[in-house]
Amino acid sequence: MKKILITGGAGYIGSHTAVELWNSGMEPIILDDLSNSNEDVLHRLKEITGKQFVFYKGDCNDQSLLEKICTEHRIEGVIHFAAFKAVGESTQVPLKYYQNNVGSLLVLLEVMKEKGIHDLVFSSSCTVYGQPDVLPVTEATPRKEAESPYGNTKKICEDILMDYVKSKPGIRVISLRYFNPVGAHPSSKIGELPIGTPQNLVPFITQTAAGIREKLTVFGNDYDTSDGSCVRDYIHVVDLADAHVKAFQYLAEKGSDFYDVFNVGTGNGNTVLEVIHAFEKVSGQKLNYVIGPRRPGDVVKTWADTTKINQVLGWYPKYSLEDSMRDSWNWQKSLG
Ligand SMILES: NC(=O)c1ccc[n+]([C@@H]2O[C@H](COP(=O)([O-])OP(=O)(O)OC[C@H]3O[C@@H](n4cnc5c(N)ncnc54)[C@H](O)[C@@H]3O)[C@@H](O)[C@H]2O)c1
């Protein structure tokens with residue numbers, strides 16, 4: 001079985017990707033420092049897959065640890081999820097973000113070179129597009145100046161990968177630009193576990209419905225959109241996880257020194273109010289929400305053109321927005 005190292009594999013997207021890799025005949029080896037996740041995820045992954053995945057608790061910036069993992073296992077590819085992702089926090093402590101998000105990629109590339117590991121899938125983000133001038137966003141849409149240090153780390157990491165591949169180190173790399181991951185595994189055994197106040201819409205919705213938060217504030221209903229609230233492309237996390245499997249299958253067909261980027265979204269934009277109404281429909285709950293002022297820095301609307309990933313990787317999303325809301329809600333309820 002092909003062994004794939006998943007850095008940040010105990011986290012939200014990493015844990016779902018571990019399941020999809022396993023289902024497609026690859027063995028995940030998980031490295032996570034648990035700075036934003038819980039070791040309990042490993043037991044839950046076993047409940048879903050029947051397999052106790054190999055787990056290393058440690059920092060992806062720790063070169064000797066990465067070397068040890070790659071000595072103990074014949075790693076054939078890496079998915080690099082490990083990063084800090086709180087946009088607001090990144091403006092308060094930017095160096096923490098540059099150190100972790102950019103630093104860990106550099107260490108990883110060194111070890112991949114040393115150990116002869118060729119394939120890498122990198123977690124990038126639609127934040128690299130900022131507020132796009134033309135919609136939907138294709139991979140050729142120009143990247144904008146990043147609006148936060150977090151967004152900048154993704155842009156810098158993409159540039160590093162592009163430059164590195166040009167130097168012909170013999171590796172093959174795909175950057176996946178995620179739009180807005182939502183939902184949870186249909187088993188309700190894994191899902192998003194935000195620490196503290198959720199930064200993202202859907203966990204805020206489910207926590208409000210569960211009575212953990214008093215109410216949800218919709219930041220603005222006077223934008224130039226169908227109902228005035230912001231538009232995003234919400235992609236079910238299991239579909240997103242599957243895109244990583246397809247990326248590895250595609251890399252295996254490529255020659256060395258290959259780099260490409262793909263959007264991962266549904267190709268549809270939904271407003272914040274549409275998401276709330278989809279949640280209300282599947283949960284049968286009335287959500288306590290209020291309309292607040294616009295939030296500075298918010299992108300008004302963005303959604304993906306997914307033609308490239310559809311045609312080149314043969315990847316298509318299977319889950320609807322309502323599926324995402326149902327799975328997020330079931331996950332929230334499972335937390336008690
Ligand atoms: N969730 C989103 O909305 C979103 C959107 C676009 C891109 N991304 C990117 O996808 C990746 C995964 O995001 P997520 O939502 O699963 O986040 P997450 O916080 O749930 O997962 C990241 C995991 O990485 C671990 N980690 C962080 N730094 C580490 C380090 N130095 N060494 C080892 N482990 C480390 C954390 O403990 C966590 O388990 C990140 O790179 C993120 O920037 C996420």
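Visitor: Which residues of the largest nonpolar core touch the most other members?

Guide: This is a predicted model, in which local features need pLDDT of at least 70 and side-chain atom pairs count only at pLDDT 80 or more, while totals for chains, interfaces and linings use all residues. Residues are numbered from 1 along each chain as its sequence is written, and side-chain values use heavy atoms, with hydrogens and water left out. Among the 37 residues of that core, L21, L45, I174, L176, F248 and V264 touch the most other members. Helix α8 (237-251) contributes the most to this core, namely nine residues.

Visitor: What makes a set of residues a nonpolar core?

Guide: The members must be buried Ala, Val, Leu, Ile, Met, Phe, Trp, Tyr and Cys residues joined through side-chain atoms within 4.5 Å. A second, separate core of 30 residues includes L66, V102, L161 and Y259. In soluble globular proteins, nonpolar side chains tend to be buried together.

Visitor: Why is K154 called buried?

Guide: Buried means under 20% relative accessible area, exposed over 50%, and partly exposed in between, with a 1.4 Å probe and protein chains only. K154 has 5% relative accessibility, so K154 counts as buried. This residue is found in helix α6, helices being DSSP runs (H or I, at least four residues), and strands likewise (E, at least two), numbered from the N terminus.

Visitor: Which residues does K154 touch, leaving out those up to four places away in sequence?

Guide: Contact means heavy atoms within 4.5 Å, and on that basis K154 touches A83, F122, S123, S124, S125 and V128.

Visitor: What makes the approach of K154 to S123 a polar contact?

Guide: A polar contact is a pair of N or O atoms within 3.5 Å; within protein, one must be able to donate a hydrogen and the other to accept it, and residues adjacent in sequence count only if both atoms are side-chain atoms. The side chain of K154 reaches the backbone oxygen of S123 at 2.9 Å, so the distance falls within the 3.5 Å limit.
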